[in-house]
Amino acid sequence: MMVLESVALIVISYLFGSIPFGLIIGKFNGVDIRKVGSGNIGATNVTRTVGPKAGKLCFFCDFLKGFVPVLGAVLTPGLTTLVVLSCAAAATLGHIYPCWLKFKGGKGVSVAAGALLAIVPYAVAIAFAVWVIVFFATRYVSVGSMAAAVTFVVAVWALRYLGVPQSNDASSIWTAWFCTAVGALAIVMHRSNIRRLIDGTENRFEKKK
């Protein structure tokens, strides 16, 4: 029975993660988010093309679709660390490769952050602080996200080395390597942003006057 429950939770995590909130929010505002701006369904493109309030709502919804299913897995008695990590991966991949949109989705950073908050909250909090600092220093969301990804991986290994307790046996070597893979994936998903940064064409949020 636990095997069936594990498979069901992983599938539910993927389906939950694949809900295209950015597209839905855009449609409610008369915009097909895939045809404007960068074409990405994430919060950054929603913010630029629909507005700050819509962008914040999109981020919050995307964050929750990672956090809710993984927290459910963490709180389910008897599940192994591997199953919980599989739920986190499924939710993130659901956003990146949503079955509803021909497997063309977003970068998955906000969903991964929500999923990992349920597993390694201290590392996520440290990474988020770095994102805030780097974003306000550079005004580039992509730079902040990549800096946070690198910081997150370093924080996970450092906290594990220091023996800082977190949820769901976060000291497990599987958890540490999984978080490393997520951090690497976040960088890979920003490869187009890296090219634009090199070319000097990356979109930047200007300070409000």
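This is a predicted model: local features need pLDDT of at least 70, side-chain atom pairs count only at pLDDT 80 or more; totals for chains, interfaces and linings use all residues.

Student: Among contacts between residues at least 6 apart in sequence, what share joins residues at least 24 apart?

Tutor: Burial gives some context here, as buried residues make up 44% of the 209 residues in the protein chain. Among the contacts between residues at least 6 apart in sequence, the share that joins residues at least 24 apart is 66%.

Student: Which helices do the buried residues of α9 pack against?

Tutor: Helix α9 covers residues 173–189, and its 17 residues should span 24 Å at 1.5 Å a residue, which agrees with the 24 Å between its end C-alpha atoms. Its buried residues include Thr175, Phe178, Cys179, Val182, Ala186 and Met189. An α-helix has 3.6 residues a turn, so residues three or four places apart point the same way. The buried residues of α9 pack against α5 (81–96), α6 (109–117), α8 (141–162) and α10 (191–199).

Student: Which residues is alanine 115 in contact with, leaving aside its neighbours within four places in sequence?

Tutor: Alanine 115 lies in helix α6, and it counts as buried because its relative accessible area is 1%. Leaving aside neighbours within four places in sequence, alanine 115 is in contact with Gly66, Phe67, Val70 and Ala88.

Student: Is aspartate 62 buried or exposed?

Tutor: Aspartate 62 is placed in helix α4, residues 52–74. Leaving aside its neighbours within four places in sequence, aspartate 62 is in contact with Phe21, Gly42, Ala43, His95, Ser110 and Val111. Its relative accessibility is 1%, so aspartate 62 counts as buried.

Student: Which residues are linked in a network of salt bridges?

Tutor: The count of salt bridges comes to five. Lysine 27 forms one with aspartate 32, with the closest N and O atoms 3.8 Å apart, and aspartate 32 forms another with lysine 35, where that separation is 4.0 Å. Aspartate 32 counts as buried because its relative accessibility is 15%, whereas lysine 27 counts as partly exposed at 48% and lysine 35 as exposed at 70%. The network links Lys27, Asp32, Arg34 and Lys35.

Student: What is the N to O distance in the salt bridge between arginine 196 and glutamate 202?

Tutor: Arginine 196 counts as partly exposed, with 27% relative accessibility, while glutamate 202 is buried, with a relative accessible area of 9%. Their side chains meet in a salt bridge, and the N to O distance is 2.8 Å.

Student: Where is arginine 139 placed, and what is its phi?

Tutor: Arginine 139 is in the loop between α7 (121–138) and α8, and it counts as buried because its relative accessibility is 13%. Its phi is positive although arginine 139 is not a glycine, at about 70°.

Student: What is the phi of lysine 102?

Tutor: Lysine 102 has its place in the loop between α5 and α6, and at 73% relative accessibility it counts as exposed. Its phi has a positive value in a residue other than glycine, near 55°.

Student: Which residues make the nonpolar surface patch of about 480 Å²?

Tutor: The protein chain exposes about 11000 Å², of which carbon and sulfur atoms supply 71%. Valine 3, found in helix α1 (residues 2–17), counts as exposed because its relative accessibility is 61%. The patch is made by Val3, Val7, Val11, Leu15 and Trp100.

How values were computed. Residues are numbered from 1 along each chain as its sequence is written. Side-chain values use heavy atoms; hydrogens and water are left out. Patches are made of residues with over 30% relative accessible area and no salt bridge: like charges are joined within 9 Å, nonpolar side chains (Val, Leu, Ile, Met, Phe, Trp, Tyr) within 5 Å. Accessible areas come from the Shrake-Rupley method with a 1.4 Å probe; for residues, only the protein chains shown count as cover. Helices (H or I, at least four residues) and strands (E, at least two) are DSSP runs, numbered from the N terminus. Buried means under 20% relative accessible area, exposed over 50%, partly exposed in between (1.4 Å probe, protein chains only). Contact means heavy atoms within 4.5 Å. The expected span of a helix is 1.5 Å times one less than its number of residues.
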